[in-house]
Amino acid sequence: MDLSLSDDELAFRKAVRTLICDAFPAGERYDGGDAHERRWHAALLERGWAANKWPVAFGGPGWTATQSFIWERETAAAGLPAQVGGMGMGMLAPILFAYGTPEQQARFLPDILQNRVRWCQGYSEPGAGSDLASLRTQAVLHNDHYLVDGEKLWTSGAHEADWMFCLTRTSDEPKRQAGITFLLLDMRDPGVTVRPIISIDGRHAFNGVTFDRVRVPTENRVGREGEGWTVAKGLLTHERTGQAFVSLSRDLLRRLREVARTLPGSEGGSLMEDVGFARRMSWAEVELQALEITELRTLSEVAAGGAPGAQSSLLKLKGTDIVQRMTEFFVECAGPYAAPWFPQNTVPNTTVGPQWAQAETVRYLEGRAASIAGGSDEVQRNIIAKHVLGL
Ligand SMILES: Cc1cc2nc3c(=O)[nH]c(=O)nc-3n(C[C@H](O)[C@H](O)[C@H](O)COP(=O)(O)OP(=O)(O)OC[C@H]3O[C@@H](n4cnc5c(N)ncnc54)[C@H](O)[C@@H]3O)c2cc1C
């Protein structure tokens, strides 16, 4: 793949940098808070780049693979998310393009684009994670609506979500996958109860959700009844492609270097000048570059009309490994200052040692979940063994 940039591509890169500088002038860093998210999203909308991975027919900018690559690189270097809009933008929208009716597309896509509505993903259940086809949440058809009863688990963002896209069982076929139906469910329905689950990093990110006779109109079914497994499989590959975490790893690498320059090394200079440390950092960077190129190759296949397929498992597996290694480097750098961290101690300026040590220890703990969320490492290895290596 030729990665030298043409004049047009250089002009595009300049336009990207201008947009970033206009949105966050004077080197102001994106802090991930609501105000910064709104500002960045507004800038993207105005430029027509908010849905930068969507097809042109649905309002995407129609970038080439190289333009997407430039975009990912430049936003990562500036510490900005490549897109805003969470699971609606990145996961549900591609499903609606492929399986949604024109009415569903017209109803849901504009709110996703404007980031007016938050979505969560209701797949996993107690007893149905890796073996998702054993899910038991039941949807029973009554004329023009389904009544949904059951329980979902580990639902990220359910406490803030307006809607859930979820998998339900509509029949007990011998082949379990054939009895699954994909529904869009309004979280404000009185039959929905969300209870928080606090994770090892002390945050409230995911939840258990129960359904008690939740009413879902049939017009909110995506695909045909019993076709939910096919719909979900398409969505999972999109989810995993988005989990190469290249931008995050690039940002971690940049900050890691900044931190290592401020710490004393064992050879008289800074930690960054220690040969052993520098070698490990360089090795991680080389692997990150290889991952980035693999992601770019996948993106270019998707841009040409292909589906990400089993390659996305490879991206997820390797991306998780690299991001976890970066966070481990940070904990190593923090040394004893990583130890006093505990969940209730999240008020700024209350810890011993540098502030970054606390934030990065939280990130390290949070990063453990990456090898489970979106399909565990073992499951990704099984997929690669079967579909990529043909074992
Ligand atoms: C941070 C986070 C966010 C999440 N967010 C969501 C969400 O928003 N929506 C949602 O629906 N789900 C979500 N999940 C759930 C996630 O999809 C499941 O945790 C995951 O699919 C694994 O299922 P499980 O937890 O039931 O583990 P299990 O499937 O019970 O697995 C337990 C262990 O057995 C191994 N294992 C299982 N099957 C095999 C096999 N065939 N071969 C080899 N090893 C195997 C697994 O690798 C794992 O180590 C989230 C999880 C996390 C950690």
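Predicted model: local features only at pLDDT ≥ 70, side-chain atom pairs only at ≥ 80, totals over all residues.

A: Start with helix 4 (residues 86-99) and helix 5 (residues 102-113), whose axes come within 10 Å and cross at roughly 160°. Helices here are DSSP runs of H or I with at least four residues, strands are runs of E with at least two, and both are numbered from the N terminus. Axes are lines fitted to C-alpha atoms, for helices over the stretch in contact, and angles run from 0 to 180 degrees between N-to-C directions.

Q: How are helix 4 and helix 5 oriented to each other?

A: Helix 4 and helix 5 are roughly antiparallel. Angles over 145 degrees count as that, under 35 as roughly parallel, 65 to 115 as roughly perpendicular and the rest as oblique. The crossing is left-handed, meaning that the near helix is turned anticlockwise from the far one by less than a right angle; clockwise would be right-handed.

Q: Which residues meet there?

A: From helix 4, Gly88, Met89, Leu92, Ala93, Leu96, Phe97 and Tyr99 meet Gln104, Gln105, Phe108, Leu109, Ile112 and Leu113 of helix 5. Contact means heavy atoms within 4.5 Å. These residues divide into 10 nonpolar, three polar and no charged. Ala, Val, Leu, Ile, Met, Phe, Trp, Tyr, Cys and Pro count as nonpolar, Asp, Glu, Lys and Arg as charged, and the others, Gly among them, as polar.

Q: What about helix 3 and helix 7, at what angle do they pack?

A: Helix 3 (residues 65-77) and helix 7 (residues 246-262) pack at about 35°, with axes 8 Å apart. Their crossing is right-handed. Glu72, Arg73, Ala76 and Ala77 of helix 3 make the contact with Ser247, Arg250, Asp251 and Arg254 of helix 7. By type, that contact has two nonpolar residues, one polar and five charged.

Q: On to the core. How many residues does the largest one have?

A: The largest nonpolar core has 30 residues, and those with the most contacts inside it include Trp54, Leu92, Trp119 and Phe165. A nonpolar core is a set of buried Ala, Val, Leu, Ile, Met, Phe, Trp, Tyr and Cys residues joined through side-chain atoms within 4.5 Å. Buried means under 20% relative accessible area, exposed over 50% and partly exposed in between (1.4 Å probe, protein chains only).

Q: Which element gives the largest share?

A: Helix 4, with eight residues. Among the elements that each supply at least two are helix 5, strand 4 (163-169) and strand 5 (180-186).

Q: Which residues have a positive phi without being glycine?

A: Trp154, at about 60°, and Phe245, at about 55°, are among them. Trp154 lies in strand 3 (residues 145-156) and is partly exposed, at 47%. Phe245 lies in the loop between helix 6 and helix 7 and is partly exposed, at 22%.

Technical notes
Residues numbered from 1 in each chain as written. Heavy atoms only, no water.
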